[in-house]
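The following paragraphs lead the reader through a protein structure, one region at a time. Please keep the display in view while reading.

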Amino acid sequence: MDATLGHDDLLLILRSADGAPLLDTRPEAGSLPALPMTAAGQEPDQESRQNLRTSAGLPVRATALWANIDSTGEKVQIIVAHNTSDSIAMLASYRQQILGAALSGAILAALLGYVLVRRGLRPARLIAQQAHSITAQRLDRGLDVASAPYELQQLVVAFNGMLDRLHDSFQRLSQFSADLAHDLRTPINNLMVQTQVALAQPRLPEEYQGLLVSNVEEYERLARMLDNMLFLARADHAHVAVAFGELDCRLELQRIADYFEGVAEDSGVCLEIAASGNIRADAMLLRRAISNLVANAIRYTAAGQTVVLAAAQTEQATVISVSNPGPQIADSAIPRLFDRFYRADPARSDSASSAGLGLAIVQSIMKLHGGRVELSRSAEQMTVFTLYFPADG
Amino acid sequence: MRILLVEDEPKAGEYLRKGLSESGYVVDWVRTGADGLHCATTEDYDLIVLDVMLPGMDGWQVISELRKTHSTPVLFLTARDEVDDRIKGLELGADDYLVKPFAFAELVARIRTLLRRGPIREADLLHIADMEIDVMKRRVTRNGERIDLTTKEFSLLYLMAKRQSEVLSRSLIASQVWDMNFDSDTNVVDVAIRRLRIKIDEPYAPPLIHTVRGMGYVLEDRT
């Protein structure tokens, strides 16, 4: 009884064994529904404590137990209930506070995130702006690696690498177009002007014939140039059919030496063959590649000297080389030597000879064979072009 | 020999008609595929020269229609020479295929080959003026005197003798004698002809090897 005093929240009800009320500390709280009874002398367990409402609507947590009164041996019911309305109200206010805090936290986080992401991606926007300013004419600009955040630097470096390659191809392409236009200009000019001069006044039939013959030579030159360019364009896209066959190196080189026999003898150049083994290649393309090299070699070899056609077989490749003594190719010319229309020595580009496509064709043919062409200059003043044909084709 | 020429381009048609007429053929020239097919099926021609790119009905369609009823030899002219095109042309029944730009001598040579019925009779002994070529023994004499030739010089002379009076283009000679099937910028053929002339023609009369300016070379007795 005393224990409940000063504890407004605590309700204590005592009832006799038959349920007659003995004591109710807070009658205004109303009556409680029936509760499971814990036997006398036992601790009330968790299940016996129940959340309920009194008949007056007060939320309580209550438990009930039997007790023996020692003096009389009489059994009484003890019901203890604790008013939980304050706790519930407190929990509700907690809930609201937590909800408010979580909501404002989420909004704050979103705002902060937005700001941070925008700040963080500013370098990416900068890169995008730089990328916008890159055009075909300004491919060499590239992106600023230093301004990119660490995570994007790899990407920027890779992107710049791609730009460099594009720039290089683009330059070659523009150079090629310019060279092509230039190379077309000369024969077309010859054709146009000599025909106009001839037509300016009446001439003898022989003069007309001479003009026409000269025209035919120019046309044939143009046709050959077109043919070579078409070949190169197709080889680039692997549109050239390669008919692989097993060929005898010595026979093939002999055939080419026979072909150039007269031309070589005319310029006092000797052709020598040192060859063995077989080669897996397209006969027509192989002859075309080697004859381009031999024609060049004869052109640049002085009378009395020897051009050597050699072939040897290793495990990985068949190696064919054409070497000639003669003026050394300048170091500066080497990187562009295999470019289309490039001539190492512009002064020597007499109109009748190859239009600067010969070595480009050799390179294309080697690519079609999965091989490569290399230029080396030995100590004995020899220029050596070497063709590597991989053994597995 | 009658040739039907199907070519829509006026300039090309005109010079082909003229050139082939002057080479001794009777040439009928039509400008469309439909006309070409009509003429080819209603009249009798020994050969048809057919351009691939024609308005309306193209060369492919003409030949596939024509092959249903006729087996007249067809020589295709085209500016396209993709491998696929070649295969298509030959599969449809074209007998030969010539890519523009071509040498006129080349066209005439191809036409002659197509018109040559049956296998070519390869004579063992060839006579031109006072020159005798013994093919089996690979021996050449003029005026009874033995002339020494290298293997390739003999091949070149034999090619020209076999096709005497026929103008041979440089690319045809390079292809037949050295098996070099591409146009080269080098003057290999001219050099070879000059060297052959020194042995065959210079010590004797009349000269047999003649230059046809702008076209190629021909071997014939012009006396």
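Helices and strands are DSSP runs, helices of at least four residues and strands of at least two, and both are numbered from the N terminus. The model is a predicted one. The bond that joins B:A205 to B:P206 is a cis peptide bond, with omega about -5°. Chain B has another cis peptide bond, from B:K100 to B:P101, where omega is near -5°. B:P101 belongs to the loop between strand 5 (96-99) and helix 5 (104-115) of chain B.

Chain B consists of 223 residues, of which 47% count as buried. Among the contacts in chain B with a separation of 6 or more, 56% come from residues 24 or more positions apart. About 10900 Å² of accessible surface belongs to chain B, and carbon and sulfur atoms provide 49% of that surface.

Two helices of chain B may be considered next. Two packed helices are described by the angle between their axes and the distance between the axes. Helix 6 (residues 151-162) and helix 7 (residues 170-178) of chain B pack at an angle of about 125°, and their axes are 9 Å apart. The angle makes helix 6 of chain B oblique to helix 7 of chain B. The crossing of helix 6 of chain B past helix 7 of chain B is right-handed. From helix 6 of chain B, the residues B:K152, B:S155, B:L156 and B:L159 meet B:I173, B:Q176, B:V177 and B:W178 of helix 7 of chain B. Sorted by class, this contact comprises five nonpolar, two polar and one charged residues.

The loop between helix 7 and helix 8 of chain B holds B:D179. Its phi is near 60°, a positive value in a residue other than glycine. B:D179 has a relative accessible area of 31% and is therefore partly exposed. A positive phi, near 55°, is also found at B:N143, likewise a residue other than glycine. B:N143 lies in the loop between strand 8 (139-142) and strand 9 (145-147) of chain B. Because its relative accessible area is 54%, B:N143 is exposed.

Attention now turns to chain A. How do helix 3 (residues 150-199) and helix 4 (residues 205-236) of chain A cross, and at roughly what angle? Their axes come within 10 Å and cross at roughly 165°, which means that helix 3 of chain A is roughly antiparallel to helix 4 of chain A. The contact includes A:L180, A:L184 and A:L191 of helix 3 of chain A, and A:L211, A:L222 and A:M225 of helix 4 of chain A. Its residues are twelve nonpolar, five polar and three charged. Helix 3 of chain A passes helix 4 of chain A in a left-handed crossing.

Two loop residues of chain A complete the account. A:T84 sits in the loop between strand 6 (75-83) and helix 1 (85-120) of chain A. At 13% relative accessibility, A:T84 counts as buried. Apart from neighbours within four places in sequence, A:T84 is in contact with A:P59, A:V60 and A:R61. A:P33 is located in the loop between strand 2 (21-24) and strand 3 (37-38) of chain A, and its relative accessibility of 40% makes it partly exposed. Not counting residues up to four places away in sequence, A:P33 touches A:L52 and A:R53. A:P33 and A:R53 are 20 residues apart in sequence, and 8.2 Å separates them in space, C-alpha to C-alpha.

Methods. Residues are numbered from 1 along each chain as its sequence is written. Chains are lettered from A and ligands numbered from 1 in the order in which they are written. This is a predicted model: local features need pLDDT of at least 70, side-chain atom pairs count only at pLDDT 80 or more; totals for chains, interfaces and linings use all residues. Side-chain values use heavy atoms; hydrogens and water are left out. Axes are lines fitted to C-alpha atoms, for helices over the stretch in contact, and angles run from 0 to 180 degrees between N-to-C directions. Angles under 35 degrees count as roughly parallel, over 145 as roughly antiparallel, 65 to 115 as roughly perpendicular and the rest as oblique. A crossing is left-handed if the near helix is turned anticlockwise from the far one by less than a right angle, and right-handed if clockwise. Contact means heavy atoms within 4.5 Å. Ala, Val, Leu, Ile, Met, Phe, Trp, Tyr, Cys and Pro count as nonpolar, Asp, Glu, Lys and Arg as charged, and the others, Gly among them, as polar. Buried means under 20% relative accessible area, exposed over 50%, partly exposed in between (1.4 Å probe, protein chains only). Accessible areas come from the Shrake-Rupley method with a 1.4 Å probe; for residues, only the protein chains shown count as cover.
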